Amino acid sequence: MKKLTFENIANFFLKNFFQGLVIIGPIGLTIFVIWYIVSAIDNIIPSVAKEIPGLVFVSTILITAVLGYLGNKFVVGRFFFDTMDSLLERTPGVKHIYTPTKDVMSSFVGDKKKFNDPVWVKTNENPEIWRIGFLTQKEMSDVEKHNYVAVYLPHSYAISGWVIVTEEKNIKPVVGMTAASAMKFAVSGGVAGFHSDDNIFKAPE
């Protein structure tokens with residue numbers, strides 16, 4: 001049996017404290033983000049939120065889903081939203097806010113999402129280095145870059161990233177990972193495994 005010393009007790013405490021952070025940190029942050037989003041949407045109509053907390057948030061979610069359904073399934077709805085889309089994209093000043101926002105959101109969600117084609121990209125020849133990214137433009141001939149493609153490279157532990165234009169020969173498709181798994185792998189800094197949702201990180205003993 002080890003002799004109890006201040007150093008042993010401190011090491012034991014710190015080890016368990018940091019392990020506790022690993023457990024409650026993601027849970028706490030998730031709860032905080034959800035609470036913040038719900039509160040922010042609820043405060044759009046403070047008087048209603050004060051009487052029935054959560055009602056504005058739920059109503060907003062339902063209305064958004066209904067609008068998405070109407071815009072996709074009905075000719076009248078599609079015509080209306082296409083007209084609004086065209087109007088906003090042509091309005092001076094407004095188009096500089098609306099168009100980039102629409103492009104960014106449609107890249108992640110919806111029928112036209114762009115980050116669904118994971119590829120390996122060679123970013124260095126010697127030594128040979130490959131990064132994981134998402135093919136966003138399969139050809140760049142419109143800008144006189146023939147046989148080139150555009151690839152989005154997400155940053156680890158961030159929601160940002162950067163785009164590179166490289167020759168087609170420098171990319172190859174990712175095999176064995178879905179787009180979601182590839183994004184998870186890239187954003188987690190390679191901690192998330194390839195073949196399952198299991199986390200390969202192991203806490204030190």
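Which residue in β2 is the bridge partner of proline 118? The bridge partner of proline 118 in β2 is phenylalanine 134. The report below sets this pair in its sheet and then turns to the helices.

The model is predicted: local features need pLDDT of at least 70, side-chain atom pairs count only at pLDDT 80 or more, and totals for chains, interfaces and linings use all residues. Residues are numbered from 1 along each chain as its sequence is written, and side-chain values use heavy atoms, with hydrogens and water left out.

**Overall make-up**

The protein has 6 helices and 5 strands. Helices (H or I, at least four residues) and strands (E, at least two) are DSSP runs, numbered from the N terminus. From the N terminus on, the elements run α-α-α-α-α-β-β-β-β-β-α. Of the 205 residues in the protein, 19% are buried; buried means under 20% relative accessible area, exposed over 50%, and partly exposed in between (1.4 Å probe, protein chains only). Among contacts (heavy atoms within 4.5 Å) between residues at least 6 apart in sequence, 30% join residues at least 24 apart.

**The sheet**

The 5 strands form an open sheet with the order β4-β3-β2-β1-β5 and antiparallel pairing. Two strands pair if DSSP finds at least two bridges between them. At the edges stand β4 (161-167) and β5 (171-173), each of which pairs on one side only. Neighbouring strands of this sheet are turned by 45° against each other on average, direction ignored. Axes here are lines fitted to C-alpha atoms, for helices over the stretch in contact, and angles run from 0 to 180 degrees between N-to-C directions.

| Strand pair | Bridges and sense |
|---|---|
| β1 and β2 | 6 bridges, antiparallel |
| β1 and β5 | 3 bridges, antiparallel |
| β2 and β3 | 3 bridges, antiparallel |
| β3 and β4 | 7 bridges, antiparallel |

β1 and β2 form a hairpin with 4 residues between them. Besides the pair of proline 118 and phenylalanine 134, tryptophan 120 stands opposite isoleucine 132 in β2. On the β5 side, valine 121 has isoleucine 171 as its bridge partner.

In β3, alanine 150 is the bridge partner of glutamine 137. β3 also forms a hairpin with β4, with 6 residues between them, and tyrosine 157 in the turn has a positive phi of about 55°. Proline 154 has glycine 161 in β4 as its bridge partner. Of the 7 residues of β3, 6 are buried, so this strand is largely enclosed by the rest of the structure.

Helix α6 (residues 179-187) has as its buried residues Ser181, Ala182, Phe185 and Ala186. Seen down the axis of α6, these buried residues fall within an arc of 135°, so they line one face of the helix; the arc is that of the directions from the helix axis to the C-beta atoms. They pack against β1 (118-124), β2 (129-137) and β3 (148-154). Just after α6, glycine 189 takes a positive phi of about 70°.

**Aromatic pairs**

Rings of Phe, Tyr and Trp (its six-membered ring) pair if their centres lie within 6.5 Å; planes under 30 degrees apart count as stacked, over 60 as edge-to-face and the rest as tilted. By this rule there are 4 aromatic pairs. In the pair of phenylalanine 32 and tryptophan 35, the ring centres are 6.3 Å apart and the planes lie at 35°, so the pair is tilted. Phenylalanine 32 and tryptophan 35 are 3 residues apart in helix α1 (residues 6-42), and are therefore separated by about one helical turn. An α-helix has 3.6 residues a turn, so residues three or four places apart point the same way. Phenylalanine 32 counts as partly exposed because its relative accessibility is 47%, whereas tryptophan 35, at 55%, counts as exposed. Ring pairs also link Phe13, Phe17 and Phe18 into a cluster.
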